[in-house]
Amino acid sequence: MSKEDQRREYNEQKELENLRRVFEAIDKNRDSKLDAKELNAVLVKLGYTAKKQEIEDMIWEVDEDCDGMINWEEFKAMFYRVRHDKTGWEPRRLFNVVEFMMHDKDQSGNIDMDECMEILFRRFGKEQLEARVNEFLNNDEDDDKEISFAEFLHMDSKNDIAGTSNHPGFRLSAGMMSTTKEENRRLLRQMGIGA
């Protein structure tokens with residue numbers, strides 16, 4: 001096995017361990033499933049106020065066995081599906097929370113420089129580290145040298161790689177972007193769905 005393959009395998013293993021850490025941090029009652037109450041508690045800790053329906057939608061987007069909760073396999077599948085999505089159409093609500101928590105290792109509710117560097121080094125290597133860290137921290141809107149969850153969500157909406165964010169269907173399902181029922185109806189009409 002080449003050195004590059006060893007490094008990639010090591011990084012994949014560390015990422016999976018980090019993903020498991022996030023799952024366990026959300027799973028407060030230790031039943032190996034994430035429910036609406038647990039997701040809401042995490043969002044509150046991150047300073048994000050979510051409506052009950054929004055949390056239910058986050059679960060529904062990932063809940064393949066339709067039990068109203070998210071198990072480890074569903075959680076893991078969601079993460080890698082969104083990570084490898086080139087179209088921009090995979091639902092990102094839960095992914096955004098997980099991605100933020102993967103960076104925020106000390107669970108402070110903010111991503112500091114050290115946390116940022118650790119993950120970006122593993123993902124992109126030493127050659128791209130400085131540029132990636134600078135790009136990441138350019139999203140620090142309040143100049144406190146940390147990225148809050150709100151800043152992280154703004155960053156995600158600005159980094160629309162696939163250019164799909166202007167499509168009404170994407171805006172309807174993008175998640176964590178507040179839209180009113182009236183705006184949702186308008187978006188559905190633009191897509192030719194509903195009255």
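I started with W72 and how much of it shows: at 14% relative accessibility, W72 counts as buried (buried is under 20% relative accessible area, exposed over 50%, partly exposed in between, with a 1.4 Å probe and protein chains only). This is a predicted model, so I kept in mind that local features need pLDDT of at least 70, side-chain atom pairs count only at pLDDT 80 or more, and totals for chains, interfaces and linings use all residues. Residues are numbered from 1 along each chain as its sequence is written, and side-chain values use heavy atoms, with hydrogens and water left out.

My cut-offs: rings of Phe, Tyr and Trp (its six-membered ring) pair if their centres lie within 6.5 Å, and planes under 30 degrees apart are stacked, over 60 edge-to-face, the rest tilted.

F23 and W72 pair edge-to-face, 5.6 Å centre to centre with 75° between the planes. That pair links distant parts of the chain, 49 residues apart: F23 is in helix α1 (residues 3-26) and W72 in helix α4 (residues 72-83). Helices are DSSP runs (H or I, at least four residues), numbered from the N terminus. F23 is buried too, at 1%.

F79 and Y80 are also edge-to-face, at 5.2 Å and 85°. I noted F79 as buried at 0%, while Y80 is partly exposed at 24%.

Then I checked charges over rings (NZ of Lys or CZ of Arg within 6 Å of the ring centre and within 35 degrees of the ring normal). The charged end of R20 sits over W72, 4.3 Å from the ring centre, and that of R132 over F124, at 3.8 Å.

Key: Helices (H or I, at least four residues) and strands (E, at least two) are DSSP runs, numbered from the N terminus.
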